[in-house]
Amino acid sequence: MKSIQAQAGFFKRSAMSLRAALSAMYMLGLIIVAPHLDAAEPAAKPQVFGGKTYEWGKLLPEQIEVCKLTGNIENGKEAFRGCRGCHKADAAGLLDGTYPRLTGQHASVVIKQVTEVRAGIRVNPKMEPFSNDHAVTPQEIADIAVYVESLQTTRENGKGSGQALARGKALYDGGNCASCHGQFGEGKASMAYPVIAAQHYGYLVREMEYIQKGIRGNSHPKMVKAIEKYTREDIEAVSDYISRMPDYRLAAQTKK
Ligand code: HEC
Ligand code: HEC
């Protein structure tokens, strides 16, 4: 199998950011399960989706396993076949937000989300049969993660009505969202904070509601706190604002 490491700078970078994610979590004392790894203890499968048992940053054994692997973009393209039915061949999802766009998402985020769906922490019954351990191996998750991260977005994304953008901006800036998701909605690979810029509006609204109500299962507690008092109008306004942020890679280029 041909390694594309030499050809693709971002590939190296993403492998590094996974390592950085792990070391950052170690430094912050967030890795609590790791010492049990040697004892080969199986991951506890929570019966409820996340909920009160979810501790952000407590890595699952499978997350540590996948983070240690080196992803291969070419193999990831092949492994992504099983994901195309919903996320589409270009990985840009559906305009109405039924399926999120994955293009340009940090590999660390893709790994975190897929493994947490596999562990039953993040609710996603539609996707589960296609992403469980019968469908994809840990190596394929690593491959898919670097593949989708490398993709540029070519299609329009779904946006809101455009009528409450000032309110959306005020909520984003005032809610400290940028401390994790960045000024351009670019997220932070080393901490597995997702890219949210140019995501489909419908998906953003749904996730914010899931996060607020605890349905999603895996959400940073600081974020839950930041949005707990949001009304439906607030969620729509901030989602509309985020959906109109350009692809973060373009934003960083033009504003540098
Ligand atoms: C049957 C449809 C379906 C298939 C097939 C599918 N997904 Fe998904 N996926 C979804 C849905 C629906 C969501 C959003 C769930 C929600 O609303 O919270 C999602 C969400 C995700 C997310 C989270 C995105 C984010 O921003 O947090 C990732 C990552 C992902 N899918 C990866 C994959 C991969 C990798 C595959 C193939 C192995 C795959 N999906 C196959 C339906 C699917
Ligand atoms: C402390 C860091 C942090 C802060 C502050 C934060 N978030 Fe998040 N956000 C996250 C993480 C981490 C996730 C992914 C959930 C997970 O894996 O636990 C996420 C997920 C999301 C998602 C879903 C993205 C996806 O791809 O599924 C949206 C939308 C979102 N955040 C919006 C916001 C908004 C709006 C604010 C400000 C009010 C905010 N966040 C503040 C860390 C943060």
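**Exercise 1. State which helices each supply at least two residues of the shell around ligand 2, and describe that shell.**

Step 1. In this predicted model, α10 (178–181), α11 and α12 (221–227) each supply at least two residues of the shell around ligand 2. Helices are DSSP runs of H or I with at least four residues, numbered from the N terminus. With four residues, α12 gives the most to this shell.

Step 2. The shell around ligand 2 holds 24 residues, of which G175, C177, C180, K222 and M223 come nearest. A residue is near a molecule if its C-beta atom, placed from the backbone, lies within 6 Å of it.

Step 3. By class, there are 14 nonpolar, seven polar and three charged residues around ligand 2. Ala, Val, Leu, Ile, Met, Phe, Trp, Tyr, Cys and Pro count as nonpolar, Asp, Glu, Lys and Arg as charged, and the others, Gly among them, as polar.

Residues are numbered from 1 along each chain as its sequence is written, with chains lettered from A and ligands numbered from 1 in the order in which they are written. Local features need pLDDT of at least 70 and side-chain atom pairs count only at pLDDT 80 or more, while totals for chains, interfaces and linings use all residues.

**Exercise 2. Describe the residues that surround ligand 1.**

Step 1. Ligand 1 is surrounded by 23 residues; C83, C86, Q113, M127 and F130 are the closest.

Step 2. At least two shell residues come from each of α5 (84–87), α6 (107–118), α7 (128–131) and α11 (201–213).

Step 3. Domain 1 (2–150) and domain 2 (165–255) each provide at least three residues of the shell around ligand 1; the domain bounds come from an automatic or database domain assignment.

**Exercise 3. Find the angle at which α9 and α13 pack.**

Step 1. Helix α9 (residues 165–174) packs on helix α13 (residues 232–243) at an angle of about 90°, with the axes 7 Å apart. Axes are lines fitted to C-alpha atoms over the stretch in contact, and angles run from 0 to 180 degrees between N-to-C directions.

Step 2. α9 is therefore roughly perpendicular to α13, a term for angles of 65 to 115 degrees.

Step 3. The contact of α9 with α13 has seven nonpolar, one polar and four charged residues.

Terms used
Parallel < 35°, antiparallel > 145°, perpendicular 65-115°, else oblique.
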